[in-house]
Amino acid sequence: MIWVNAVIQGLLLGGLFALFACGLSLLFGVLGIINLAHGDLAVLGAYVAVALLPSVHTNVLWALLFVPPLFAVFGYVSQRTVMGRSMRSGPLTTLLVTFGLSVVIQNALLEGFSADSHSFTLGALTTRSLHPASDISLSWLRMGILVVAVLVLVVVQLFLSRTGIGRQIRALADDDEAAAITGVNTRHVAAIAAAVAFATVALAGLAFGTYAQFSPTSGSNLLIFAFEAVIIGGLGSLWGTLAGGCVLGLAQTIGAQIDPTFGVLAGHLVFLAVLAVRPNGLMPATVEA
Amino acid sequence: MTTERLLELDAVSKRFGRVVVADGLSFGVRQGETLGIVGPNGAGKTSLFGMISGDLRVDTGDIRLSGTSLTSLSTARRVRSGVVRTHQVPRPFTGMTVFENVLVAAQQGGGLRASHAVDRTLEVIEETGLAEHANVVSGRLGLLSRKRLEVARALACGPRLLLLDEVAGGLTDPEVDTLVSIVRGVNARGVTVLWIEHVVRALVSTVDRLVCLALGSLVAEGKPSEVLARPEVKQIFLGTGAAVDEAPGGLP
């Protein structure tokens, strides 16, 4: 039963990882940006909630209403300015710019909030859970996060495949010059993709804040997990990202069940194994570029 | 034929370092005509399309559409005002179906909404003979279909001026004939066509006038047979005095 519980916790954790990885996957898939500030953006999202919540409401669920939209605007603006500009001078520049953004965010947070860690309190919801059997615990909160993750992936997938803007984003991902000659306003569309990516990362940051304590430097670890989930799942495939998140979550919790110190390492080892055996990931995008 | 000019190039110059791709180039494209462009590799033909479509900025000079300057407009804006190009090597959105490829163009380039965009998409797919491939992911298409799709996507934008960059290149003779008939049909419904082509046979059978470029300059302009008969054109093309018509299937 302990093992069944480990599997369940792993899948629940996978939801969080998938939520994290969604934005990373989107930015890389559409704009070719490897966003080294991704983890720090998530943490920034959590801190924005910490800073603004007291004046709105104490329950972190309220942050869901204003942090993701705020980040969507932030994403749009940074793509139109810093990131878009750097893209025109090559992939190395974007890498450096996002690295710079990461450093700036970390230090600004240290300056503003000190190095102390924070966490969100959700009142009774934090600890409430289902116990279908002894040794098995299903936290409502964690199930909620998994549901949100799946919902976000479904919505993003539908947005990309069914809407006009979504088709433009895919066109842009395929070939930006060809997109321009079919009349796509490439800068605007790129910025919309960035807005969606930033909104999902803010959501992920809030979810993370309910899972664990966070501090200004938590972002680097999150970035690695997000990368691993994306690569295990296969670049350019959102369903792959969900699968990748779950595989990583499973590896970590099962590893931790074997030995409490082995969890994170087990995740890295599974990641390396996938890279060695299936370098394109478990569910790579099917059509050749 | 009306002599009203749809597109006008006015002393357009462009250079990349020491390579001159346009050297004070001036000529006009008349409303409703099909104008062919020939010239050796490196004559600046594709760069010229880049400058007209907005992919490249001109160094000096002006490009006007119906008297309005295009040079400061973005590619997307030029597409909306009716200037649409195709690429020499087709560049479909490989992850999307033929239908979706054309739909993006109809919505963005053509500025159409909902069912109008779908109607336009279906019309254009029919016109370019892609109907049976409409739901095929475009990465799986063969060369002829990719070339058709390149034209279809341009047509979906509702062009006034269609810039064709070697749509007949790399195709077999019957395939070239298929594309030529598509281009004739497009021109017949009033779209002005500017067409770069190495397959001279295809050009001569279709265009009203011909322009010959070399090293970014205009060498000759006029009726196809007259232009190809000019000694300086023959000289540029073959380096000999041989007539262009004798080249089998077109020039390399």
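B:K14 counts as buried because its relative accessibility is 11%; buried means under 20% relative accessible area, exposed over 50%, and partly exposed in between (1.4 Å probe, protein chains only). The model is predicted, so local features need pLDDT of at least 70 and side-chain atom pairs count only at pLDDT 80 or more, while totals for chains, interfaces and linings use all residues. Residues are numbered from 1 along each chain as its sequence is written, chains are lettered from A in the order in which they are written, and side-chain values use heavy atoms, without hydrogens or water.

B:K14 lies in strand 1 (residues 5-16) of chain B. Strands are DSSP runs of E, at least two residues; helices are runs of H or I, at least four, and both are numbered from the N terminus. The B:K14 side chain reaches the backbone oxygen of B:R57 at 2.8 Å. B:K14 also touches B:V19, B:M51 and B:D59, among others, not counting residues up to four places away in sequence. Contact means heavy atoms within 4.5 Å.

Now the nonpolar cores. Such a core is a set of buried Ala, Val, Leu, Ile, Met, Phe, Trp, Tyr and Cys residues joined through side-chain atoms within 4.5 Å.

| Core | Residues | Members include |
|---|---|---|
| Largest | 79 residues | A:L16, A:F20, A:A63 |
| Second, separate | 49 residues | B:L103, B:V193, B:L210 |

A:A63 touches A:A49, A:L53, A:P68 and A:L206, leaving out residues up to four places away in sequence.

Terms used:
A polar contact is a pair of N or O atoms within 3.5 Å; within protein, one must be able to donate a hydrogen and the other to accept it, and residues adjacent in sequence count only if both atoms are side-chain atoms.
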